[in-house]
Amino acid sequence: AKIELKHGSHRIGKRTDEVMQKWRGYGLGQFIHWGLYAIPGGEWNGKQYNGAAEWIRSWNGIPKSTYDSLIYKFNPVNFNADEWATTAKQMGAKYVTITTKHHDGFCLWPSKYTSYTVANSPWKKDIMKPLVDAYDKAGIDVILYFSVMDWNHPGWRYDIKTKEDSVAFEGFKQFTRNQLIELLTMYPTAKGLWFDGTWDKSWVKQAEFADQLETEMRKLRPGLIIGSRFRADEKGKRHFDANNVLMGDYEQGWERKLPNKIEDVHGNDWDCVMTVPENQWGYNKAWKGHIKTANELIEMTAKSVSLGGNFVLNFGPQGDGAIRKEEKQLATQIGNWMKINKEAIYNCQYAGLEKQDWGYFTKKTGGNKLYMVVFNAPVSGAYRVKLPAKMGITKAYALATPTQSLSTEEIHTNEYFIHLKKQGGDQPFVIVLETKNSSDNSGNVY
Ligand SMILES: C[C@@H]1N[C@@H](c2cn(-c3ccccc3)nn2)[C@H](O)[C@@H]1O
């Protein structure tokens with residue numbers, strides 16, 4: 001039976017407005033994790049921190065006060081917002097999510113509500129404004145990452161156990177609201193907020209406050225996109241409320257992992273945020289373990305789009321503001337592939353077809369084109385495709401060579417082989433299927 005909720009989800013099903021439809025079509029995005037943590041870069045006094053570099057403050061290898069004093073070392077002489085935006089543009093990213101404030105509480109904008117901001121660093125200047133302007137100019141929509149958990153604020157609590165906790169946290173809640181209204185006011189072109197640091201009990205207990213704050217933000221900025229990670233319902237349920245309905249406009253549960261089948265996404269919009277190493281968001285001098293290749297990341301992008309989501313690849317700029325060469329190289333490699341194959345990624349969605357071994361189907365939104373993004377070319381050169389009844393293939397061709405039609409062979413009812421000789425090269429490629437629904441003479445489409 002349905003549970004009565006005041007602060008659960010306020011919408012069933014996907015948003016249908018054009019801002020969200022544009023978001024749905026992005027396909028590929030860039031995440032930027034940048035802040036004081038980029039200065040130590042996962043290392044202190046020659047010792048390496050084993051965790052994620054942006055969490056180095058939580059390590060006992062560096063005194064908290066020493067970490068907090070890094071504000072006096074923030075002077076990114078090589079910071080160039082246009083270079084960051086150009087890197088994203090070259091990669092083919094359609095949106096960027098930028099850390100305005102991570103868990104350490106350092107603000108990349110000159111907030112009026114704390115002194116722990118760029119304004120009180122040697123750099124002095126706002127970082128967010130030039131970034132938002134540069135990405136806007138590049139035609140890349142900006143989403144603001146905001147960590148509710150703020151280790152620098154005296155009112156932050158992991159849980160509320162005493163009267164003192166409660167009083168302190170009330171102040172913290174007002175501070176949080178003030179900063180969010182401040183961000184939406186200072187950067188009005190931002191399309192959404194990507195919330196993090198909302199899993200602790202203190203915040204989970206704020207169902208009413210967070211619900212009211214979300215309502216206030218949506219009123220201030222109509223169309224604002226807010227994910228499932230911002231608030232809990234009054235039963236303490238996060239991402240999905242006590243009736244198992246998604247909270248917010250899209251699902252934010254896919255952090256460093258991908259869904260495997262369409263059932264995993266429950267008919268919701270979603271994005272996957274992904275690191276290049278196994279688990280480093282902020283700059284880490286010593287990238288250890290498996291560093292994902294361009295082809296792996298292209299496959300994750302295609303897989304995300306094939307399952308109705310977006311793929312957001314993380315960059316962790318250095319403390320001096322420069323983007324490291326390995327990340328620049330990946331952006332270039334991915335961008336070279338996107339230049340040829342972007343039609344199969346942008347404004348595409350789940351095709352509703354049975355997954356085949358050769359790779360992933362995507363479908364152009366509102367069109368009759370199917371895309372086969374091939375990662376595992378079959379030795380037979382025969383690509384299996386199962387279509388719904390009444391749907392036929394009018395044309396098949398490799399996206400890179402549109403004038404060379406490929407032969408299609410119906411091997412069973414609604415099941416085809418697309419024949420394509422083994423390709424040279426080690427790059428994933430795309431086959432396009434133009435389709436048509438057969439109809440009876442009354443024009444009904446089945
Ligand atoms: C988007 C990513 N989310 C932040 C994070 C993840 N986690 C975390 C904490 C406990 C278990 C699993 C993940 N804590 N903070 C990372 O620091 C990065 O910002």
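Residues are numbered from 1 along each chain as its sequence is written, and side-chain values use heavy atoms, with hydrogens and water left out. Because the model is predicted, local features need pLDDT of at least 70 and side-chain atom pairs count only at pLDDT 80 or more, whereas totals for chains, interfaces and linings use all residues.

A pair of aromatic rings is described by the distance of the centres and the angle of the planes. Rings of Phe, Tyr and Trp (its six-membered ring) pair if their centres lie within 6.5 Å; planes under 30 degrees apart count as stacked, over 60 as edge-to-face and the rest as tilted. On this basis, a search of the whole structure gives 29 aromatic pairs. In one of them, Y49 and W59, the ring centres are 5.4 Å apart and the planes stand at 35 degrees, so the pair is tilted. Y49 and W59 are 10 residues apart, and both belong to the loop between β3 (47–48) and α2 (64–68); helices (H or I, at least four residues) and strands (E, at least two) are DSSP runs, numbered from the N terminus. Both residues of this pair are buried, where buried means under 20% relative accessible area, exposed over 50% and partly exposed in between (1.4 Å probe, protein chains only).

The pair of F79 and W123 is edge-to-face, with 6.2 Å from centre to centre and 85 degrees between the planes. F79 and W123 are buried. Both also belong to a cluster linked by ring pairs, together with W34, F74, W84, F106 and Y116.

K125 lies over the face of W123, at 3.8 Å from the ring centre. K94 lies over the face of Y346, at 4.6 Å from the ring centre.

Helix packing was described with axes fitted as lines to C-alpha atoms, for helices over the stretch in contact, and with angles from 0 to 180 degrees between N-to-C directions. Helices α3 and α4 pack at an angle of about 40 degrees, and their axes are 8 Å apart. The two helices are therefore oblique to each other; angles under 35 degrees count as roughly parallel, over 145 as roughly antiparallel, 65 to 115 as roughly perpendicular and the rest as oblique. The crossing of α3 and α4 is right-handed, a crossing being left-handed if the near helix is turned anticlockwise from the far one by less than a right angle, and right-handed if clockwise. A81, D82, W84, A85 and A88 of α3 make the contact with P130, L131, A134, Y135 and K137 of α4, contact meaning heavy atoms within 4.5 Å.

The axes of α8 (residues 294–306) and α9 (residues 325–341) come within 9 Å and cross at roughly 55 degrees. This makes α8 oblique to α9. The crossing of α8 and α9 is right-handed. The contact involves A294, L297 and I298 of α8 and L330, Q333, I334 and W337 of α9.

K89 is placed in helix α3 and counts as partly exposed at 47% relative accessibility. Its C-alpha atom is separated by 9.8 Å from that of T332, 243 residues apart along the chain. Leaving aside neighbours within four places in sequence, K89 is in contact with A138, G139 and I140. Q30, in strand β1 (residues 28–32), is buried, with a relative accessible area of 0%. Beyond neighbours within four places in sequence, the contacts of Q30 include W84, A88 and Y135.

For N414 phi is about 65 degrees. N414 is in the loop between β16 (407–412) and β17 (415–419) and, at 22% relative accessibility, counts as partly exposed.

Conventions: A charge sits over a ring if NZ of Lys or CZ of Arg is within 6 Å of the ring centre and within 35 degrees of the ring normal.
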